[in-house]
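Reader: I am new to this structure and would like to learn how to read its helices and its core. Where do we begin?

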Amino acid sequence: MTTLTHIAVGAMIAKAALTGHKIEADPAVVYGVTIFFSNIPDMDIPLFGIRRAIALKWNHRIQSFFHFPLFWIILYLIVETLAPLNIRQTIEPYMTIALVSLGIHFLMDTTGVHSGICWFGPFIKKQFSFTRLINRPETIGTFVLTYCKSAVFKVEMLIWTGCVIYLLIKPV
Ligand SMILES: [Zn+2]
């Protein structure tokens, strides 16, 4: 799914954590963490450069280690076991919301148009998707057009609208 939807869902996770679960943490940092981790799997594109990515036909869902759930699980285990105690205590309140944000990103991207998720990447590159995948178009115009005509686009608009409504509702 697209960055705008990942941002909206990240903000919704933050609000849910702050209102429903009463997380003991700075609200601004909570929003920052959830929005950041809701988008970090796609961060190879700005780092790589959009023009370069298009020219090289870079498919970040298959080629970027940021987009492999196993990478984040291993990183989490490394932090939990090797990071100094003071660092672990500082990040502890944010660890769960960061993991939830990452998990929801991968779950959302499992509804794809041209690509799914390599849940077992980099070892197994099979793509999983709740929707039937179609071949990746050659041009960016066709890419955008097929996406806008897809059911994924409609689902994404529903998620985005739901998130915005949820964010506008004041907590009781
Ligand atoms: Zn993604």
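Author: Begin with burial: a residue is buried if 20 or more other C-beta atoms lie within 10 Å of its own, and exposed if 12 or fewer do. Keep in mind that this is a predicted model.

Reader: Which residues of α7 are buried?

Author: The buried residues of α7 are Y94, I97, S101, L102, H105, M108 and D109. Their cover includes α1, α2, α5 (60–63) and α6 (69–82).

Reader: How do I read the largest nonpolar core?

Author: Look for the members that touch the most others. The core has 16 residues, and V9, M12, I13, A17, V30, V33 and I97 are the ones with the most contacts to other members. At least two residues come from each of α1 (3–19), α2 (27–39) and α7 (85–109). The largest share is that of α1, which gives six residues.

Reader: What does I13 touch, leaving out residues up to four places away in sequence?

Author: With those left out, I13 touches T34, I97, V100, S101 and I104. Two of these have come up already: I97 and S101 are among the buried residues of α7.

Reader: How do I find the buried side of a helix?

Author: An α-helix has 3.6 residues a turn, so residues three or four places apart point the same way. Now take α9, residues 151–168, which has 18 residues and reaches 26 Å from its first C-alpha to its last, close to the 26 Å expected. V152, E156 and C163 are buried there. They lie on the same side of α9 because they cover an arc of only 35° around the axis. The cover over the buried residues of α9 includes α1.

Reader: Which exposed residues are on the face of α9 turned away from its buried side?

Author: That face carries A151, K154, M157, L158, T161, V164, I165 and L168.

How values were computed. Residues are numbered from 1 along each chain as its sequence is written. This is a predicted model: local features need pLDDT of at least 70, side-chain atom pairs count only at pLDDT 80 or more; totals for chains, interfaces and linings use all residues. A nonpolar core is a set of buried Ala, Val, Leu, Ile, Met, Phe, Trp, Tyr and Cys residues joined through C-beta atoms within 7 Å. Helices (H or I, at least four residues) and strands (E, at least two) are DSSP runs, numbered from the N terminus. Two residues are in contact if their C-beta atoms, placed from the backbone, lie within 7 Å. The expected span of a helix is 1.5 Å times one less than its number of residues. The arc is that of the directions from the helix axis to the C-beta atoms.
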